[in-house]
Amino acid sequence: MAEDERSIFTRIIAGEIPADVVFDGERVIAFRDINPQAPVHLLVVPKTEKYRNVTELAAGDPELLAEIVSVAQRLADEQTNGEYRLIFNTGASSGQTVFHVHAHLLGGGTDGALSEGTLGKL
Ligand code: 5GP
């Protein structure tokens with residue numbers, strides 16, 4: 001694959017772009033979002049960029065999707081009170097900008113940032 005076709009997350013995984021990595025496993029990595037939307041905002045990302053979104057991931061490698069959820073819970077246990085919001089933007093009109101599947105883990109919402117009614121802006 002030509003260098004400029006690789007996703008920004010693949011370049012982070014390769015160490016070419018710096019990131020604040022909070023988990024680095026065999027198949028999954030997690031790092032802080034550069035533009036946080038909550039007190040804790042992590043991206044939980046499979047190391048393969050084969051799957052563009054969560055639908056493709058669920059169909060192609062459900063165990064890897066389950067691993068992402070498991071890593072998210074582990075990170076929430078470490079960095080929040082264990083409660084969290086997990087978001088997979090799917091498609092440009094839902095806000096997806098990086099087409100290398102990733103979960104947004106949002107947590108630490110004691111300031112009300114994640115309270116009921118904050119799921120999406122109308
Ligand atoms: P999406 O909009 O595709 O669901 O999420 C992409 C996320 O990646 C955004 O929340 C954006 O802030 C984050 N992001 C984009 N580029 C970088 C980067 O270079 N480093 C980090 N840490 N996050 C990034």
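## Paired strands

Strand E2 pairs with strand E3 (residues 40–46) in the antiparallel sense, over five bridges. Strands pair when DSSP finds at least two bridges between them. Helices (H or I, at least four residues) and strands (E, at least two) are DSSP runs, numbered from the N terminus. Arg 32 has Leu 42 in E3 as its bridge partner.

E2 also pairs with strand E1 (residues 21–24), again in the antiparallel sense, over three bridges. Here Val 21 has Phe 31 in E2 as its bridge partner. E1 and E2 form a hairpin, with three residues between them. Four of the five residues of E2 are buried. Buried means under 20% relative accessible area, exposed over 50%, and partly exposed in between (1.4 Å probe, protein chains only).

## About the model

This is a predicted model: local features need pLDDT of at least 70, side-chain atom pairs count only at pLDDT 80 or more, and totals for chains, interfaces and linings use all residues. Residues are numbered from 1 along each chain as its sequence is written, and side-chain values use heavy atoms, with hydrogens and water left out.

## Val 71

Val 71 sits in helix H3 (residues 62–79). Its relative accessible area is 6%, so Val 71 is buried. Leaving out residues up to four places away in sequence, Val 71 touches Phe 23, Val 28 and Val 44. Contact means heavy atoms within 4.5 Å. Ala 30 is 41 residues away along the chain, yet its C-alpha atom is 8.4 Å from that of Val 71.

## The largest pocket

The largest pocket holds about 380 Å³ of space. A pocket is an open set of points on a 1 Å grid over the protein atoms alone, where a 1.4 Å probe fits, with protein on both sides within 12 Å along at least five of seven lines; lining residues have an atom within 4 Å of a point. A volume is the space filled by probe spheres set on the points, which are joined across faces, edges and corners.

This pocket has 19 lining residues, and Phe 9, Phe 31, Asp 33, Ile 34 and Leu 43 lie nearest its centre. Helix H1 (8–13) and strand E2 (28–32) each give two or more residues to the lining. H1 gives the most, with three.

## The second largest pocket

The second largest pocket has a volume of about 320 Å³. Its lining has 13 residues, with Gln 37, Ile 87, Leu 106, Thr 118 and Leu 119 nearest the centre.
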